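Q: I should like to learn how to read a structural model of this kind. May we work through its features in turn?

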Amino acid sequence: MAGQLDGRKIAILAADGVEQVEFEQPREAVESAGASTEVLSIQDGEIQAVNGDIHPSVTFSVDRVVADVAAADYDALILPGGAVNPDHLRQDEAAVGFVRDFVRSGKPVGVICHGPWTLVEADVVRDRTLTSWPSLRTDIRNAGGIVVDKQVVTDQNITSSRKPEDLPAFCARIVEQFGQAGPASHHC
C-alpha cells in the first residue's frame, strides 16, 4: 500500500551470495510503500547476488558498511537469504552485533530462507517461533528456537519466511509489520 511506510528508513543487510529475488522483491515492496532503504554489508563497494545459490547474477551497490552504523539509525531490518550470504554475515562480528542489537531493540526484522543463520549466530532465536529453508531448521532448534513449516510467521518483532516462492506473503507481511512499528525518532 503506497504511503504505508512513509518516513521509514529500512536497512537491508546482505553480503556476497545474496539470493537476487530475496533482495529485490522485499526492497521493492517496502520502497513502493514509501520507505527509503539502505544496503548494508561487511565491506564497501558492491555485493554479488546469485540465482539458485550458485549462479552469479547482478551486483548491488553497498550504501554503508555495517560496522559504521547502529540499530538506532533504522526503523526496520531485512535479512535476505541465499546460502552464502548469511554464512558471510555470521562470521562478521559487526554484522552479528548489529543484528543482535536490532532484534533486542524490538524493532521489526524480516528474514527469509537462509537468513536466520545470522539470527542464530546473534543468539536471538531462543523461545521464538520461526520458519526457514529446511536445512536451517536443526540450527534454529539447537539455538532454542521453535520451527514451523509455514509461508510466513511473525513472532514478536521477527517475521520469517521459507523460500522465494513465499515472497508475495513475506513482502505483504513485512510491509504490514514495518508499518505498525512507526518511524523512529531519528526522523524528527
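A: Let us begin with a single side chain. Arg162 has a relative accessible area of 15% and is therefore buried, the cut-off for that word being under 20%. Please keep in mind that this is a predicted model.

Q: Which residues form salt bridges with Arg162?

A: A salt bridge is read from the distance between a side-chain nitrogen of Lys or Arg and a carboxyl oxygen of Asp or Glu. In the case of Arg162, one partner is Asp149, with the closest N and O atoms 2.9 Å apart. Asp149 belongs to the loop between strand S10 (146-147) and S11, and Arg162 to the loop between S12 and H6, so the pair ties together parts that are 13 residues apart in sequence. Another partner is Asp166, where the closest N and O atoms are 2.8 Å apart. Arg162, Asp149 and Asp166, together with Arg137, are linked in a network of salt bridges.

Q: Are Asp149 and Asp166 buried or exposed?

A: Asp149 counts as exposed, because its relative accessibility is 52%. Asp166 is buried, with a relative accessible area of 1%.

Q: How many salt bridges does the structure hold?

A: There are seven. One of them joins the side chains of Lys9 and Glu38, at 3.9 Å from N to O. This pair links distant parts of the chain, since Lys9 is in strand S1 and Glu38 is in strand S3, 29 residues apart. Lys9 counts as buried at 19% relative accessibility, and Glu38 is buried with a relative accessible area of 18%.

Q: How do S11 and S12 pair?

A: S11 and strand S12 (residues 158-161) run antiparallel and are joined by four bridges. Val153 stands opposite Ser160 in S12, and the bridge partner of Asp155 in S12 is Ile158. The two strands form a hairpin with two residues between them, and Gln156 in the turn has a positive phi of about 55°.

Q: Which three strands form the other open sheet?

A: That sheet has the order S2-S4-S5, and its pairing is mixed. Strand S2 (18-19) and strand S5 (55-61) are at the edges; each has a single partner strand, so one side of each lacks a neighbour in the sheet. Strand S4 (residues 46-51) pairs with S5 in the antiparallel sense over five bridges, and Gln48 stands opposite Thr59 in S5. Helix H1 (residues 20-32) packs on this sheet, touching S2, S4 and S5, and its direction makes about 40° with that of S5.

Q: How may one check the length of H1, and which of its residues are buried?

A: The expected span is compared with the distance between the end C-alpha atoms. At 1.5 Å a residue, the 13 residues of H1 should span 18 Å, and the end C-alpha atoms are 18 Å apart, which agrees. In H1, the buried residues are Gln20, Glu22, Phe23, Pro26, Ala29 and Val30. After H1 comes Gly34, whose phi is positive, near 105°.

Q: Which residues touch the most other members of the largest nonpolar core?

A: A nonpolar core is read as a set of buried nonpolar residues joined through side-chain contacts. The largest one has 31 residues, of which Leu13, Leu40, Leu77, Leu79, Phe98, Val99 and Leu119 touch the most other members. Its largest share, six residues, comes from H3. Leaving aside residues up to four places away in sequence, Val99 touches Leu13, Leu77, Leu79, Thr118, Leu119 and Ala122. Apart from this core lies another, of 27 residues, including Ala49, Ala76, Ile78 and Phe170.

Conventions:
Residues numbered from 1 in each chain as written. Predicted model: local features only at pLDDT ≥ 70, side-chain atom pairs only at ≥ 80, totals over all residues. Heavy atoms only, no water. Pairing = 2+ DSSP bridges. Contact = heavy atoms within 4.5 Å. Axes fitted to C-alpha atoms, helices over the stretch in contact; angles between N-to-C directions. Core = buried A, V, L, I, M, F, W, Y, C linked by side-chain atoms within 4.5 Å. Buried < 20%, exposed > 50% of the residue type's maximum accessible area, 1.4 Å probe, protein only. Expected span 1.5 Å × (residues − 1). Salt bridge = Lys/Arg side-chain N within 4 Å of Asp/Glu carboxyl O.
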